[in-house]
Amino acid sequence: MTTPLRTQVAIVGAGPAGLLLSHLLAGAGIDSIVVDQRSREEIETTIRAGILEQGTVDLLAEIPGSRVHSVGTRHDGIELRFDGHGHRIDFPGLVGRSVWLYPQHEALKDLIAARLAAGQDLRFGITIDEVLDADSSRPGVVGVDATGAPVEIEADFVVGADGSRSNVRVAVTGSHTGGYFREYPFAWFGILCEAAPSADELIYSNSPDGFALISQRSKTVQRMYFQCDPEADPDALSDSEIWDTLKRRVPGTTLTEGPIIKRDVLRFRSFVAHELRRGRVAIVGDAAHTVPPTGAKGMNLAVADVILLARALDSLLNHGDESLIDGWADRARQRIWKAQHFSWWMTSMLHTVPEATEFDRLRQLGELRSVVESEAGRTYLAEAYTGWPLASAG
Ligand SMILES: Cc1cc2nc3c(=O)[nH]c(=O)nc-3n(C[C@H](O)[C@H](O)[C@H](O)COP(=O)(O)OP(=O)(O)OC[C@H]3O[C@@H](n4cnc5c(N)ncnc54)[C@H](O)[C@@H]3O)c2cc1C
């Protein structure tokens, strides 16, 4: 037996969703405990998202000590490359907004430092197994710490910000898998390499051979991806085979090569949980939905979820008003499905499905031309990529 910890909001997961939620709640005078199964070092070194919407960056910039503007780089456009030509989508010219390249782990370093400096109860190495009493006004979570000792937290509200393999989701939907789901017949082979950037902005390239993305990390390290079989073994290709594939997929661009320091295969899934809340338990971020990375929406969507949830919890816990929390899931879902559509659209427009016919290929080129040759098409892409306004967050 152990004495339960007590707090107002128990947050499972110290990823972008959980940490940002604790920050916003603290601003509303609401206490929270954040627990994560990983160590601080692991969280601060895992390479994931890179492209942040303007609204996400504006919010991160307000966090004390944030380096988003000093270390991050503003990107005013992307290139869509197909049929031997590149076409720039000029974000500020079309929608007056930009995106920022700021690696997720750098944003997490900022958030962790700021939360700890503010006295946040943030505990690493704690794995939550189960939610207790989800239907009551005193829900809780139970799990174990790094030594195997039991941990229990009682709260007024429990939030699962515990990523795509969420345990908290079980208390909300009744299972690990309860949701709308789509699997794609391809994955991304991703590399990190030590080289100068090959381009100033991201290049999304559709080629007869398959998709590739040329992305950046810093002046000396670059991130690049190419479409591959979901079962591909990341160690099966030599470095020169990787560079040959990338060069074939991005014709007309000279790639700056360098030692490959990391390689991985990233499977694609679209998922939205059937339910986002049950009583006083809610799921946010990747616990509630996942998107293929083509539209760079996952972390940004997690941010949008928690902005709305923080406001609803402020009303509930500070004013006893249940109206916002009752409407929270429906409001969050509106943006979630727009982002699902955008991510699916970018993915299907740019990748080659294994059974594609000549008709499919020519239709895809027609679709890409419809986008780049029309101001309306370019504007839709720019609007969705840079992020719909977060005005509803209030
Ligand atoms: C290669 C790649 C590129 C991407 N690029 C972009 C991009 O450019 N832009 C973008 O917006 N998004 C991008 N994403 C998506 C983005 O990384 C995720 O959507 C984002 O991490 C979601 O944040 P989260 O806080 O919901 O979940 P996570 O970041 O997954 O955090 C969940 C946390 O919960 C912890 N946890 C899990 N289970 C438990 C448990 N039982 N008990 C305690 N703790 C637990 C985990 O250790 C983890 O720290 C990319 C993802 C990948 C993989």
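Tutor: We will go through the ligand shell, the helix pairs and the sheets.

Tutor: This is a predicted model, in which local features need pLDDT of at least 70 and side-chain atom pairs count only at pLDDT 80 or more, while totals for chains, interfaces and linings use all residues. Residues are numbered from 1 along each chain as its sequence is written.

Student: What makes a residue count as near the ligand, and which come nearest?

Tutor: A residue is near a molecule or strand if its C-beta atom, placed from the backbone, lies within 6 Å of it. There are 34 residues around the ligand, and Gly13, Gly15, Gly163, Gly285 and Gly298 come nearest. Two or more residues of the shell come from each of helix H1 (16-27), strand E3 (32-36), strand E10 (127-132) and helix H9 (298-319). H9 gives the most, with four residues.

Student: How do you know what is a helix or a strand?

Tutor: Both are DSSP runs, numbered from the N terminus: helices are H or I with at least four residues, and strands are E with at least two.

Student: How does the shell around the ligand divide by class?

Tutor: It has 15 nonpolar, 13 polar and six charged residues. Ala, Val, Leu, Ile, Met, Phe, Trp, Tyr, Cys and Pro count as nonpolar, Asp, Glu, Lys and Arg as charged, and the others, Gly among them, as polar.

Student: Why are H1 and H9 called roughly parallel?

Tutor: Their axes come within 9 Å and cross at roughly 30°. Axes are lines fitted to C-alpha atoms, for helices over the stretch in contact, and angles run from 0 to 180 degrees between N-to-C directions. Angles under 35 degrees count as roughly parallel, over 145 as roughly antiparallel, 65 to 115 as roughly perpendicular and the rest as oblique. So H1 is roughly parallel to H9. H1 also passes H9 in a right-handed crossing, the term for a near helix turned clockwise from the far one by less than a right angle, with anticlockwise being left-handed.

Student: Which residues of H1 and H9 make the contact?

Tutor: Among them are Leu20, Leu21 and Leu24 of H1 and Ala302, Val306 and Leu309 of H9. Two residues are in contact if their C-beta atoms, placed from the backbone, lie within 7 Å. By class, the residues where H1 meets H9 are 14 nonpolar, no polar and one charged.

Student: What makes H9 and H10 roughly antiparallel?

Tutor: The axes of H9 and helix H10 (residues 323-350) cross at roughly 170° and come within 9 Å. H9 and H10 are therefore roughly antiparallel. Leu301, Leu308 and Arg311 of H9 take part in this contact, as do Trp328, Arg335 and Ile336 of H10, among others. This contact has 13 nonpolar, one polar and four charged residues.

Student: And why are H11 and H12 called roughly perpendicular?

Tutor: Helix H11 (residues 358-372) and helix H12 (residues 375-386) have axes that come within 5 Å and cross at roughly 90°. That makes H11 roughly perpendicular to H12. Ser370, Val371 and Val372 of H11 meet Gly377, Arg378 and Leu381 of H12. Three of these residues are nonpolar, two polar and one charged.

Student: How do you know that E1 and strand E12 (residues 150-154) pair?

Tutor: Two strands pair if DSSP finds at least two bridges between them. E1 and E12 run parallel and are joined by two bridges, so they qualify as a pair. Arginine 6 has glutamate 154 in E12 as its bridge partner.

Student: What makes E1 and E10 edge strands?

Tutor: The open sheet has four strands in the order E1-E12-E11-E10, with mixed pairing. Strand E1 (5-6) and E10 each have a single partner strand, so one side of each is left without a neighbour in the sheet. E10 pairs with strand E11 (residues 140-144) in the antiparallel sense over five bridges, and glutamate 130 stands opposite valine 142 in E11. Five bridges also join E11 to E12, which run antiparallel. E11 and E12 form a hairpin with five residues between them, and glycine 148 in the turn has a positive phi of about 90°.
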